Amino acid sequence: MKFNRRARLDPSQVSDQRGRRPAGRTAAAGGGIGVVILTLLALLTGTNPADLLGGSDSPAVEAAPGSEGELERECQVVADIDENPDCRFVLYVNSTQDFWDDYFAAAGERYTPATTTFFTSSVTTRCGTASSQVGPFYCPGDQKVYLDLGFFEQLRTTYGGPSGQFAEAYVLAHEYGHHVQNLTGQMQRVRTQSGPSSDAVRLELQADCYAGMWAHAATTADDESGQPLITELTNQDIADALSAAETVGDDYIQERFQGTVTPESWTHGSSEQRQRWFTTGFETGDIAACDTFAASSL
């Protein structure tokens with residue numbers, strides 16, 4: 001993946017709350033967060049992800065705290081990634097949102113931007129108080145994406161995921177896929193919560209397909225002056241996204257941490273399903289092709 005070093009970044013789309021400790025009781029993944037549980041990308045199969053790691057004492061990997069205003073000061077242009085690597089996440093957010101803004105506009109609709117919030121340990125949202133252990137998630141109640149950047153280290157070291165940066169971009173694009181689902185009413189179609197063909201799985205696979213749509217057009221997303229943000233994607237970038245999709249498949253996680261696969265408890269879809277629907281979005285760039293709720297077979 002190659003970036004346009006001259007393009008400008010918009011750090012206002014990211015809120016850095018790393019190092020802050022919210023008041024209140026942390027909701028456990030697997031039920032305490034309410035509707036957020038339907039839109040978690042990361043580590044769960046309907047239970048506390050810490051349990052899958054061998055007990056609730058297993059800590060999440062947390063990113064180092066940031067400082068107030070750091071991203072706003074240090075992430076002005078893409079070249080700033082050289083000095084502050086966290087600026088690349090600002091780029092991912094900017095690119096994804098520019099894509100969806102253009103896509104909505106072409107359809108005569110208006111896209112409502114969503115802020116991404118970086119946090120460590122736990123964070124309070126309108127969907128509840130979540131710990132880092134739930135992984136990246138989208139809260140429809142406040143229309144925000146939440147992310148502990150330490151998740152990516154955990155994805156690599158604990159889950160055997162890829163090390164390429166495009167895996168990070170895929171994760172954020174998936175969460176923004178949930179935001180698009182919220183804006184377009186797709187989330188309201190969820191009735192069944194678990195199982196290989198459940199509505200919850202269909203929701204997640206559609207978000208994967210939407211992430212593929214962004215990847216399809218990633219080199220066309222630009223800054224406010226029309227400068228492209230990403231100038232090239234390679235076959236390895238797409239391979240990294242597919243590897244990340246495999247790593248967060250329900251069957252992969254269950255086999256790795258439980259030793260058995262129980263499809264009736266799936267909430268996000270198998271590795272094969274997640275890879276296939278990302279590929280569908282990437283190859284077609286067509287939102288109609290991403291209608292997992294209409295698909296007779298997933």
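Visitor: Which backbone nitrogen lies 2.7 Å from a polar atom of the side chain of D199?
Guide: The backbone nitrogen of R191. Before going on: this is a predicted model, where local features need pLDDT of at least 70, side-chain atom pairs count only at pLDDT 80 or more, and totals for chains, interfaces and linings use all residues. Residues are numbered from 1 along each chain as its sequence is written, and side-chain values use heavy atoms, with hydrogens and water left out.

Visitor: Where does D199 lie?
Guide: In helix α6, residues 199-216; helices are DSSP runs of H or I of at least four residues, strands are runs of E of at least two, and both are numbered from the N terminus.

Visitor: And what is the nearest side chain of opposite charge to D199?
Guide: R202, 4.5 Å away. D199 is buried yet has no salt bridge. Buried means under 20% relative accessible area, exposed over 50%, partly exposed in between, with a 1.4 Å probe and protein chains only. A salt bridge needs a side-chain nitrogen of Lys or Arg within 4 Å of a carboxyl oxygen of Asp or Glu. Lys and Arg count as positive and Asp and Glu as negative, while His and the chain ends are not counted.

Visitor: Switching to cysteines. How many disulfides?
Guide: The count comes to 3 disulfides, a disulfide being a pair of cysteine sulfur atoms within 2.5 Å. With the bonded cysteines numbered in sequence order, the pairing is 1-2, 3-4, 5-6.

Visitor: Which cysteine is joined to C209?
Guide: C290, with an S to S distance of 2.0 Å. The torsion about that S-S bond is about -70 degrees, so the disulfide is left-handed. C209 is in helix α6 and C290 in the segment after α9, so the pair ties together parts that are 81 residues apart in sequence. Both C209 and C290 are buried.

Visitor: What about C127 and C139, left-handed or right-handed?
Guide: Right-handed, with 90 degrees about the S-S bond. Their sulfur atoms are 2.1 Å apart.

Visitor: And C75 with C87?
Guide: They form a disulfide with the sulfur atoms 2.0 Å apart. Its S-S torsion is about -80 degrees, so the link of C75 and C87 is left-handed.

Visitor: Last topic: which residues form one aromatic cluster?
Guide: F99, W100, Y103, F104, Y111 and Y210. Rings of Phe, Tyr and Trp (its six-membered ring) pair if their centres lie within 6.5 Å; planes under 30 degrees apart count as stacked, over 60 as edge-to-face and the rest as tilted.

Definitions and conventions: A polar contact is a pair of N or O atoms within 3.5 Å; within protein, one must be able to donate a hydrogen and the other to accept it, and residues adjacent in sequence count only if both atoms are side-chain atoms.
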